[in-house]
Amino acid sequence: MNSPTPGAPIQVHQFHALAPGARLIVLGAVHGNETCGTQGIQAVMKRFEQGTLKLIRGSLTLVPITNPLAYAKATREGERNLNRDFRPAVVIEQNEDRIANVLAPLLQQHDALLDLHSFTSQGEPFVFLGPRNNSGPLEPFGLAAQEEALAQAMGLKRVVFGWLEAFAQGVARRTALGVTGSMINTHIAYGIGTTEFMRSVGGYAITVECGNHADPQAPAIAEQSLLRALGHLGLIDSPAPPAIDHEVLELIEVQDRAHTDDVFFRPWQSFDRVKAGELIGTRADGTALHAQHSGCIVFPNANAALGREWFYLARDSDRF
Ligand SMILES: [Zn+2]
């Protein structure tokens, strides 16, 4: 499908201090129905305009509405998920390809990315972090210390990492099973979103999931996250947030729903705790699925389409 007309332009707001420093870019509404980031960014822009906040070092780029088509429709996707297979496109097939062609070079001009999202389930806000330093083939990375420090500066208890490895493991299992069809979960490139792209071009990046889409506190969490990132990077004068004990979770496994009779043992909520050996669900053929480690169920979807992600498992990590 070739998108006949480009969607609305993307508004980008930039502030350049006259002293050198870190270059931070902040995205809101990569998913169009996740408006907390947009509101948080607008609140911070207002503070700069009113003069109650001053950029003292470095530069700040704010993109309140990263996917204007999806935002106008108030849906997650415009023509496809902007946060999958994110890279400059040679062949324009969908509006998100046009967005990636504008956004990718912009990201490359920065050191750090803060991507502000919200989620469907209920629950507390959390931070998504990239991998440990590594030279492996999947997501080689050397800026884990900077990224961890930025994640900790958010002052949010829960931190999750291991997304691309868990996704790639799912791709490998589907490939081994001969699953074909939708490319969405059968190719590793679909695990590449804004933050993975940022790491691949020499930057570092975190995602803050600010709460449920409709949580009235989510815009305030987005604003707080942006202010804390500015303070942490020395772009504004602000006191460090109080140090807290983090709950660090590593995604280690994804299971797909293979049959309509694959059923959960109980109606799991995202981040419900599980102990090693605990029963999670039962396959249609009677196979019981148990947790291999103590940790959490993440993103359970009892009604997942067949062949799509049913749930992820995360284990407790001592990374920090
Ligand atoms: Zn999102």
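Phe264 has Gly281 in strand S11 as its bridge partner. That pairing belongs to strands S9 and S11 (residues 279-282), which run antiparallel and are joined over 2 bridges. Please keep in mind, as you look around, that this is a predicted model.

S9 and S11 are part of an open sheet of 3 strands, ordered S9-S11-S12, with antiparallel pairing. S9 and strand S12 (288-290) are its edge strands, each pairing on one side only.

## The eleven-stranded sheet

The other sheet to look for is an open one of 11 strands with mixed pairing, in the order S1-S3-S2-S4-S7-S5-S6-S8-S14-S13-S10. S1 and S10 stand at its edges with a single partner strand each, so one side of each has no neighbour in the sheet.

You can find both senses of pairing here. S2 and S4 run parallel and are joined by 5 bridges, with Gly28 standing opposite Leu116 in S4. Strand S8 (residues 247-256) and strand S14 (residues 309-316), in contrast, are antiparallel over 7 bridges; in that part of the sheet, Leu251 faces Ala314 of S14. S14 also pairs with strand S13 (residues 295-298), again in the antiparallel sense, over 4 bridges. There, Gly295 has Arg315 in S14 as its bridge partner.

## Helices lying across the strands

H4 lies across S4, strand S5 (126-129), strand S6 (158-161) and S7, and runs at about 25° to S7. H5 lies across S5, S8 and S14, at about 15° to S8.

## A well-covered helix, H7

How many of the 15 residues of H7 are buried? The count is 12, which leaves the helix mostly covered. Among the buried residues are Ala218, Pro219, Ile221 and Leu226, but also Glu223, Arg228 and His232. The cover over the buried residues includes the strands S2, S3 (59-63), S4 (112-119) and S7 (204-212), together with helix H1 (36-50) and helix H4 (144-153).

After H7 comes Gly234, which has a positive phi near 80°.

## Two loop alanines

Gly234 turns up again among the contacts of Ala22. Ala22 sits in the loop between strand S1 (13-16) and strand S2 (23-28). Leaving aside residues up to four places away in sequence, Ala22 touches Gly58, Asp111, Ala112, Leu233, Gly234 and Leu235. Ala112 is 90 residues away from Ala22 along the chain, yet their C-alpha atoms are separated by 7.8 Å.

Ala74 belongs to the loop between helix H2 (68-73) and helix H3 (95-108). Its phi is near 55°, a positive value in a residue other than glycine. Ala74 counts as exposed because it has 9 C-beta neighbours inside 10 Å, and the limit for an exposed residue is 12 or fewer.

The protein is divided into domain 1 (13-245) and domain 2 (252-316). Their C-alpha centres lie 27 Å apart. Where the domains meet, 11 residues of domain 1 are in contact with 12 residues of domain 2.

Which element gives the largest share of the domain 1 side? Helix H5 (residues 163-176) does, with 4 residues. By class, the domain 1 side that touches domain 2 has 7 polar and 4 nonpolar residues, and no charged ones.

Methods: Residues numbered from 1 in each chain as written. Predicted model: local features only at pLDDT ≥ 70, side-chain atom pairs only at ≥ 80, totals over all residues. Buried ≥ 20, exposed ≤ 12 C-beta atoms within 10 Å, placed from the backbone. Contact = placed C-beta atoms within 7 Å. Domains from an automatic or database assignment. Nonpolar A, V, L, I, M, F, W, Y, C, P; charged D, E, K, R; others polar. Pairing = 2+ DSSP bridges. Axes fitted to C-alpha atoms, helices over the stretch in contact; angles between N-to-C directions.
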